[in-house]
Amino acid sequence: MTTTTANPSTVAPHHRPAVRRPSPLRLTGVELRKLVDTRAGLWLLVTIGLLAAALVVVQLIWAPDAEQTFANFFLSTLLPVGLLLPVLGILSITSEWSQRSALTTFALVPRRGRVIAAKLAATVLAALASVLVSLAVAAVGTLVAGATGGAGTWHFEGALLLHAVVFQVANVLMGAGFGLLLLNTPLAIVGYLLLPTLWSILGGLIRPLHGPAGWLDTSRTMEPLFTPDVTAGQWARLGVSLLVWLVVPLVAGLVRTLRREVS
């Protein structure tokens, strides 16, 4: 009596187990883990938390008692943290290429657009988490101030929270845009820090550029976000500056990343 063994290659396609694509939520979770898996990413996140706490401590020691309020503690942490978040956005993109893991990542998820969307979602969540950290350290600082003779007032305009979210999310996405465009960590960091700074200097020194600088210099257009009242004109200037420094690099970088050969 003879037995025959079926050749796997002759099995009907409908008998083969279906391969399920990872969901966007799962991909975002993977990218969030990648942010802390690398030593640079982990220490950058730790530095962001420590920096926010250190700034509140400095205010508790040196600021006048009347200025030791929840709103002031919160606002004081936004700008320094916002300077580090773009580096996190850059690392989230360029680490795939610097560590040569892009081949594995795009082999497992061939549709690169889904991977990039997950990376951007992870960086946005990190920016939102930074706002929560700022709120937490500001609350602790307010409690300490109230117990040590400072003002310790809790008055806080709700618009400031919205503005803080816009500020931090825009910063991290600008970093991600430069990361996508250049796909090299040192080059992206230098480009992100140098080009807007250079434009800001030129806009202040060259008279014909004074007008355009009011619309394209993010250091100017983002400044109103540190106040509870932002006018329609200020929102318009912010939108134009983000179009140049966020949307254009992000779109151009997306096209480049989708087309670049992975080796």
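**Figure 1. Aromatic pairs in the predicted model.** Five aromatic pairs turn up in a search of the whole structure. The model is a predicted one. Phe74 and Phe156 pair edge-to-face. Their ring centres lie 5.4 Å apart, with 85° between the planes. This pair links distant parts of the chain, 82 residues apart. Phe74 sits in helix 3. Phe156 sits in the loop between helix 5 (112-147) and helix 6 (158-182). Phe74 is buried, at a relative accessible area of 0%. Phe156 is partly exposed, at 23%; that value is not under the 20% that burial requires. Phe70, Phe74, Trp154 and Phe156 together make up one aromatic cluster.

**Figure 2. An aromatic pair between helix 6 and helix 7.** Phe178 and Tyr192 form an edge-to-face pair. The centre-to-centre distance is 5.7 Å, and the planes stand at 80°. Phe178 belongs to helix 6 and Tyr192 to helix 7 (residues 185-205), so the pair ties together parts 14 residues apart in sequence. Phe178 is buried, with a relative accessible area of 4%. Tyr192 is buried too, with 13%.

**Figure 3. Leu183, a residue with positive phi.** Leu183 lies in the loop between helix 6 and helix 7. Its phi is near 55°, a positive value in a residue other than glycine. Most residues other than glycine have a negative phi. Leu183 is buried, with a relative accessible area of 6%.

**Figure 4. Helix 2 packed against helix 3.** Helix 2 spans residues 39-62 and helix 3 spans residues 70-98. Their axes come within 9 Å and cross at roughly 165°. That angle makes helix 2 roughly antiparallel to helix 3, because it is over 145 degrees. The crossing of helix 2 and helix 3 is right-handed. On the helix 2 side, the contact residues are Ala40, Gly41, Leu44, Leu45, Thr47, Ile48, Leu51, Ala52, Leu55, Val56, Gln59 and Leu60. On the helix 3 side, they are Asn72, Phe73, Ser76, Thr77, Pro80, Val81, Leu84, Leu85, Val87, Leu88 and Leu91. The residues of this contact divide into 17 nonpolar and six polar. None is charged.

**Figure 5. Thr153 in the loop between helix 5 and helix 6.** Thr153 is placed in this loop. Thr153 is partly exposed, with a relative accessible area of 37%. Apart from its neighbours within four places in sequence, Thr153 is in contact with Gln68, Thr69, Phe70 and Thr142. One of these contacts, Phe70, is also a member of the aromatic cluster in Figure 1. The C-alpha atoms of Thr153 and Ser134 are separated by 16 Å. Along the chain, Thr153 and Ser134 are 19 residues apart.

**Figure 6. Asp217 between two helices.** Asp217 occupies the loop between helix 8 (210-216) and helix 9 (218-221). Asp217 counts as buried, at 2% relative accessibility. Leaving aside neighbours within four places in sequence, Asp217 is in contact with Trp199 and Ser200.

How values were computed:
Residues numbered from 1 in each chain as written. Predicted model: local features only at pLDDT ≥ 70, side-chain atom pairs only at ≥ 80, totals over all residues. Heavy atoms only, no water. Axes fitted to C-alpha atoms, helices over the stretch in contact; angles between N-to-C directions. Helix = DSSP H or I, 4+ residues; strand = E, 2+ residues; numbered from the N terminus. Parallel < 35°, antiparallel > 145°, perpendicular 65-115°, else oblique. Left-handed = near helix turned anticlockwise from the far one by under 90°. Contact = heavy atoms within 4.5 Å. Nonpolar A, V, L, I, M, F, W, Y, C, P; charged D, E, K, R; others polar. Phe/Tyr/Trp six-rings, centres within 6.5 Å; stacked < 30°, edge-to-face > 60°. Buried < 20%, exposed > 50% of the residue type's maximum accessible area, 1.4 Å probe, protein only.
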